Amino acid sequence: MDGDAFFTDCSQSLSGLIHRMEKEDTSWLFSGFRLVINSGQVLWRNSEAAKKIVNDVNDMYFSDNGVKLWENGLLAAYLAGGGTNTAELREKYAIADECFIKKNEQCQHVRNGNKEMALQFVNETLRKQITYVPYGTINSYENTDNTKFIFHCAGQGNKNRCKSDFEEINNVDLNVCQ
């Protein structure tokens with residue numbers, strides 16, 4: 001979980017999500033909103049498949065390809081089959097984050113957690129390793145909603161202000177699990 005993401009409902013448990021991953025026999029769980037994936041709230045299973053994904057994306061990040069896609073962009077490009085080649089990474093990222101780039105109907109599939117439609121560009125082998133959940137199942141970016149499991153200050157310039165605004169609006173202390 002990113003340092004600018006906070007548990008907002010400590011009465012919820014990860015056990016339901018873990019059980020779902022076990023039932024689906026997947027290696028990672030995530031949801032989308034504007035981006036097909038936000039690495040700020042991802043659940044990983046301790047498996048060889050998960051380790052391979054993390055290592056492959058790590059290799060993409062540290063390759064000398066000149067592409068400045070950070071973790072979200074690299075994970076999206078990886079989902080679309082990107083490697084370490086600059087042109088390929090840019091092309092695959094554009095495919096994976098179509099919603100963010102084009103603001104089109106793909107956004108609804110991403111937010112609804114429709115795995116088959118939102119992740120249609122992901123090869124079948126990799127898609128079988130993913131539990132894709134609707135936006136709001138594990139995360140929220142809206143500071144007026146403290147009913148979600150995690151609030152994430154993604155894209156907010158001043159993280160301290162984002163956190164204090166959330167606390168003030170919702171009358172909570174994110175330093176204390178309630």
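# Chatting through the fold

Q: Is the disulfide of Cys99 and Cys107 right-handed or left-handed?
A: The torsion about the S-S bond of Cys99 and Cys107 is about 110°, so that disulfide is right-handed. A disulfide here means a pair of cysteine sulfur atoms within 2.5 Å.

Q: What kind of model is this?
A: It's a predicted model, where local features need pLDDT of at least 70 and side-chain atom pairs count only at pLDDT 80 or more, while totals for chains, interfaces and linings use all residues. Residues are numbered from 1 along each chain as its sequence is written, and side-chain values use heavy atoms, with hydrogens and water left out.

Q: Back to the cysteines: how far apart are the sulfur atoms of Cys99 and Cys107?
A: They sit 2.1 Å apart.

Q: And are Cys99 and Cys107 buried or exposed?
A: Both Cys99 and Cys107 are buried. The cut-offs on relative accessible area are under 20% for buried, over 50% for exposed, and partly exposed in between, using a 1.4 Å probe and protein chains only.

Q: How many disulfides does the structure hold?
A: There are 2. Cys153 and Cys162 also form one, with their sulfur atoms 2.2 Å apart. The link of Cys153 and Cys162 is left-handed, with -95° about the S-S bond. Cys153 and Cys162 are buried as well.

Q: New topic. How many helices and strands are in the chain?
A: The chain has 9 helices and 5 strands. These are DSSP runs numbered from the N terminus: helices are H or I with at least four residues, strands are E with at least two.

Q: What's the order of the elements from the N terminus on?
A: They go β-α-β-β-α-α-α-α-α-α-α-β-β-α.

Q: What about the radius of gyration of the chain?
A: The chain has 16 Å, which agrees with the value near 16 Å for a compact globule of 178 residues. The radius is taken over C-alpha atoms, and the globule rule is 2.2 Å times the number of residues to the power 0.38. Along its principal axes, the C-alpha trace spans about 45 × 35 × 30 Å.

Q: How much of the chain counts as buried?
A: 47% of the 178 residues do. The accessible surface comes to about 9500 Å², and 48% of that belongs to carbon and sulfur atoms. Those areas come from the Shrake-Rupley method with a 1.4 Å probe, and for residues only the protein chains shown count as cover.

Q: Let's zoom in. Where is Ile37 found?
A: Ile37 is in the loop between strand 2 (28-30) and strand 3 (43-44).

Q: Is Ile37 buried or exposed?
A: Ile37 counts as buried because its relative accessibility is 0%.

Q: What does Ile37 touch?
A: Leaving out residues up to four places away in sequence, Ile37 touches residues including Trp28, Phe30, Val42, Leu75 and Leu79. Contact means heavy atoms within 4.5 Å.

Q: And where does Ile150 lie?
A: Ile150 is in strand 5, residues 150-152. At 6% relative accessibility, Ile150 counts as buried. Setting aside neighbours within four places in sequence, its contacts include Met1, Phe6, Phe7, Gln41 and Ile138. Ile150 and Gln108 are 42 residues apart in sequence and 21 Å apart in space, C-alpha to C-alpha.

Q: What's the place of Phe100?
A: Phe100 is in helix 5, residues 98-102. Phe100 has a relative accessible area of 36%, so it is partly exposed. Not counting residues up to four places away in sequence, Phe100 touches Arg34, Leu35 and Tyr93.

Q: Where is Lys103 found?
A: Lys103 is in the loop between helix 5 and helix 6 (106-112). Phi of Lys103 is near 55°, which is positive in a residue other than glycine. Lys103 counts as exposed, at 57% relative accessibility.

Q: What is phi of Asn171?
A: Phi of Asn171 is near 50°, a positive value in a residue other than glycine. Asn171 lies in the segment after helix 9 (159-170). With a relative accessible area of 71%, Asn171 is exposed.
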